[in-house]
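I opened this notebook to keep track of what I looked up, one entry at a time. The sequence and the structure come before the entries.

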Amino acid sequence: AVLAAKAVDYEVAGTIEFIADASEGLRADRIFFMEMNTRLQVEHPVTEEIPGVDLVEWQLRVASGEPIPLKQEELSIDGWAIEARLYAEDPAKGFLPSTGRLEHLWTPWVDEDERQRFDAGVEEGDAVTPFYDPMIAKVIMRGADRNEAIRGLCKIIDGIEVWPVRTNGSFIYECLDDPDFAAGKLTTSFIEERIETLVVDPVADAAIWETASDFALEYPEADETTPIGFRLNAEPKRTITLRHQGETKTISPSVGLGDATGYTDEEKVLVFLHGAA
């Protein structure tokens with residue numbers, strides 16, 4: 001890659017891609033040039049996390065005429081990093097974009113050593129429209145090794161909450177949780193061969209409807225009905241009207257969002273990542 005850049009006198013940030021045939025062991029004569037991108041790739045955070053540098057800053061410095069801050073021999077590799085792209089799309093419908101306002105967007109903090117990144121292009125309250133890329137964020141996790149990085153990313157993806165826009169979060173989680181993925185036994189047909197297990201379109205049972213209504217209670221779309229009982233100072237009982245896959249239900253939530261504790265990870269995944277609400 002360095003020799004290719006020197007051959008064309010290229011001195012700014014860029015990425016050179018190769019494809020390798022390792023069917024008989026990785027050899028120099030089985031590595032083929034594919035293309036060069038004269039920019040940073042969307043996966044550049046993974047590269048940044050390993051040596052601990054800011055490639056965007058470097059790009060701006062070099063473009064301003066400054067030298068590259070560090071030489072190759074001054075860089076060191078520290079651990080592994082993995083990135084997933086959280087998209088507003090529906091895997092159960094052929095990964096078609098899911099548009100709408102992000103009424104709720106929250107990501108957990110799972111690592112005290114700050115080994116995670118959530119590079120978001122939107123924030124809660126923004127809208128996902130059909131006119132722009134539906135990527136919500138890039139989620140990056142660094143670990144001491146590949147397995148630790150994957151486990152950490154699983155925790156982040158499992159805890160992300162997005163409502164009411166659907167996301168590919170559950171699809172990402174199922175990919176990361178696949179034993180062959182963890183072992184690096186991947187081919188270009190990985191998704192095609194496992195599509196039925198990677199893409200789950202759940203049936204929302206009574207418990208899921210109730211959980212979804214509890215989380216939806218915070219939002220102004222909820223309808224207030226008559227007070228409970230006969231006391232004049234009784235608390236108003238609120239109902240939530242939810243729609244899922246053509247089915248509509250009006251439910252009386254049991255708690256508000258601020259008190260919604262004790263829900264299982266499975267319920268959160270169904271409600272937020274699958275968009276069951």
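Where is the place of Phe-95? I found Phe-95 in the loop between strand E4 (89-90) and E5, where strands (E, at least two residues) and helices (H or I, at least four residues) are DSSP runs, numbered from the N terminus.

Before going on, I noted that this is a predicted model, in which local features need pLDDT of at least 70 and side-chain atom pairs count only at pLDDT 80 or more, while totals for chains, interfaces and linings use all residues. I also noted that residues are numbered from 1 along each chain as its sequence is written, and that side-chain values use heavy atoms, with hydrogens and water left out.

Entry on the whole chain. I looked up the secondary structure of the protein chain, which comes to nine helices and 14 strands. Of the 277 residues in the protein chain, 39% are buried; buried means under 20% relative accessible area, exposed over 50%, and partly exposed in between, with a 1.4 Å probe and protein chains only. Among the contacts in the protein chain with a separation of 6 or more, 63% are between residues 24 or more positions apart, a contact being heavy atoms within 4.5 Å.

Entry on backbone angles. I returned to Phe-95, which has a positive phi of about 65 degrees although it is not a glycine, and which counts as partly exposed because its relative accessibility is 27%. Asp-9 also has a positive phi, near 55 degrees, and is a residue other than glycine. I placed Asp-9 in the loop between helix H1 (2-7) and strand E1 (15-20), and Asp-9 counts as exposed because its relative accessibility is 65%. The peptide bond from Trp-163 to Pro-164 is cis, with omega near 0 degrees, and Pro-164 lies in the loop between E11 and H5. I wrote these down because most residues other than glycine have a negative phi, and most peptide bonds are trans.

Entry on two loop residues. Is Ser-98 buried or exposed? Ser-98 is buried, because its relative accessible area is 13%, and its place is the loop between strand E5 (96-97) and strand E6 (100-101). Leaving aside residues up to four places away in sequence, I found that Ser-98 touches Ala-88, Glu-89, Val-128, Val-165 and Arg-166. The side chain of Ser-98 also reaches the backbone nitrogen of Arg-166 at 3.1 Å, a polar contact (a pair of N or O atoms within 3.5 Å; within protein, one must be able to donate a hydrogen and the other to accept it, and residues adjacent in sequence count only if both atoms are side-chain atoms). Thr-167 is in the loop between strand E11 (161-163) and H5, and Thr-167 is buried, with a relative accessible area of 2%. A polar atom of the Thr-167 side chain lies 3.0 Å from the backbone nitrogen of Gly-169.

Entry on helix H5. Which residues of H4 and H5 meet? I listed Ile-150, Leu-153, Cys-154, Ile-157 and Asp-158 in H4, which meet Gly-169, Ile-172, Tyr-173, Leu-176 and Asp-177 in H5. The residues of this contact of H4 with H5 divide into seven nonpolar, one polar and two charged, where Ala, Val, Leu, Ile, Met, Phe, Trp, Tyr, Cys and Pro count as nonpolar, Asp, Glu, Lys and Arg as charged, and the others, Gly among them, as polar. On the other contact that I looked up, Ser-170, Phe-171, Glu-174 and Cys-175 in H5 meet Phe-190, Ile-191, Thr-197 and Leu-198 in H7. The residues of the contact of H5 with H7 divide into five nonpolar, two polar and one charged.

Entry on two residues in helices. Asp-177 is found in helix H5, and Asp-177 is partly exposed, with a relative accessible area of 47%. The C-alpha atoms of Asp-177 and Arg-151 are separated by 8.4 Å, and these residues are 26 residues apart along the chain. Glu-210 is found in helix H8 (residues 206-216) and is partly exposed, with a relative accessible area of 26%. Between the C-alpha atoms of Glu-210 and Ile-251, which are 41 residues apart along the chain, the separation is 7.1 Å.
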